[in-house]
Amino acid sequence: MLNFKLILPALILTTLFLPYQGQAAKTNQPTTVEKQVRAGDTIFSILRRLGFQQSHLSQIIENESLYKRITLIPRQVYFLKESNGKTEVLFLSDLTDRTVTFFKKGDQAGVASEKEDFETEVGRVTGWVRGSLVASIQNIVPSKKLAYRFLDAYVFDYKVQKQLQRNARFHMVFEKKFLDGKLVKYGEVLETGLEIKGDYVVRKFLPFADGGSFVDEQKPFLDRPFFAPVNYVRVSSLYQPYRFHPVKRRRMAHLGMDFELEQGKPIFSVGHGTIVKFGRNRAAGRYVVVKHPNGLTSYYNHMSSVQDFEINQTVSAGALLGTIGCTGYCTKPHLHFAIKKHGKFVDPITYIRPYAFTQRHNVEQLLSKAASDSKSQTAIK
Ligand SMILES: [Zn+2]
């Protein structure tokens, strides 16, 4: 296992000093072909189209648990690999490096879910905001996932769309993942920069075991009373007084924020407090409510499992509450997190730091290192 923290600065430096190499510089081997999901496709209709017979499919269905979480969206990309009479069909995950592979060779067929060993390159782009920030990023790198990931670096302390000015400058350092020399997906955003409210604000992705956050070497968020409730901080929906509800299909308020993570990942109490309620209901699914000494109450919904609590039990900051799931009104695994103040829901993002309690030492270490670096730089001048 390589130490990611050590190789990261080296990778970033490499791209800063070498001319940017685009996709064309990579050698394309003909063995991996990009395909697109068609409207109405199922896993089996795709496999049949690619030459899988009924006897192959019946071998595959025995391991349904490995692929039943794949959701197919029209125009979604998958890959066909053919070598030595073996056919492989690969579905890549946006959230992880796990790949689901269907294969057949002769009469044999099967399905496997494995962590893929991608070749990774680091790319760097610079641009100016024309229209929305997300659209401006997508004009340079054709990835909705990267564009939204960029926002995660700023949503904790900026109202990005409101505070952004036309022609604001931005940059982004990100991972590109290759299979057999072919760019197959984008990985993590490693660094961002954005001109906002008169400053050029740089954020760096700090990876942890099983997680990571965007941190600002100038801004530790120490004034926030709470921590993030998850280790991998990806915000998929913000607090919005009005929004279109994907399940109920009507306009209704979103009185919390959503963290998108894989099913089963841990959920932590954002601060010290007592368990005042937990259980299950139709809308929230499995949920926990924690009351904190500062008068705020935190809510955790759609969990797949909840710890074995008793009412009025004390929990410390960072205590495990349960795991990510999709119970209640939910379309894909996520945590709906909310905060109530004086009995009313408030925007929770302004109360939490962008990193989990268990990671505070990692973040503080980085910040103190950055502070001493800038001090020694001043001394040299
Ligand atoms: Zn929500």
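This is a predicted model: local features need pLDDT of at least 70, side-chain atom pairs count only at pLDDT 80 or more; totals for chains, interfaces and linings use all residues.
Trainee: Which residues are the protein donors of the zinc ion?

Mentor: His254, Asp258 and His336. The donor atoms are NE2 of His254, OD of Asp258 and ND1 of His336, and they lie 1.9 to 2.1 Å from the zinc ion.

Trainee: How are the donor residues spaced in sequence?

Mentor: The pattern is H-x3-D-x77-H.

Trainee: Are His254 and Asp258 buried or exposed?

Mentor: Both His254 and Asp258 are buried.

Trainee: Switching to helices. Which residues of α4 are buried?

Mentor: Helix α4 spans residues 133–140, and its buried residues are Leu133, Val134, Ser136 and Ile137.

Trainee: Where do they sit around the axis?

Mentor: They cover an arc of only 165°, which means that they are on the same side of α4. As background, an α-helix has 3.6 residues a turn, so residues three or four places apart point the same way.

Trainee: What covers the buried residues of α4?

Mentor: The cover includes the strands β6 (119–128), β7 (169–179) and β8 (182–196). It also includes the helices α5 (144–152) and α6 (160–163).

Trainee: And α5, how many of its residues are buried?

Mentor: Seven of the nine, so α5 is largely enclosed by the rest of the structure. Among the buried ones are Leu146, Ala147, Phe150 and Leu151. Lys145, Arg149 and Asp152 are buried too.

Trainee: New topic. In what order do the strands of the open sheet come?

Mentor: There are three strands, in the order β16-β22-β20, with antiparallel pairing. The edge strands are β16 (266–268) and β20 (305–306), and each of them pairs on one side only.

Trainee: How many bridges join β16 to β22?

Mentor: Three, and β22 covers residues 320–323. Within this pair, Phe268 has Leu320 of β22 as its bridge partner.

Trainee: What does Asp180 count as at 22% relative accessibility?

Mentor: Partly exposed. The cut-off for buried is under 20% relative accessible area, so Asp180 at 22% does not count as buried.

Trainee: What about the phi of Phe221?

Mentor: Phe221 also has a positive phi, near 60°, and is likewise a residue other than glycine. Phe221 is in the loop between β10 (211–215) and β11 (226–228). With a relative accessible area of 5%, Phe221 is buried.

Key:
Residues are numbered from 1 along each chain as its sequence is written. Side-chain values use heavy atoms; hydrogens and water are left out. Donors are N, O and S atoms within 2.8 Å of the metal (3.2 Å for Na, K and Ca); water is not among the atoms, so sites may look incomplete. Buried means under 20% relative accessible area, exposed over 50%, partly exposed in between (1.4 Å probe, protein chains only). Helices (H or I, at least four residues) and strands (E, at least two) are DSSP runs, numbered from the N terminus. The arc is that of the directions from the helix axis to the C-beta atoms. Contact means heavy atoms within 4.5 Å. Two strands pair if DSSP finds at least two bridges between them.
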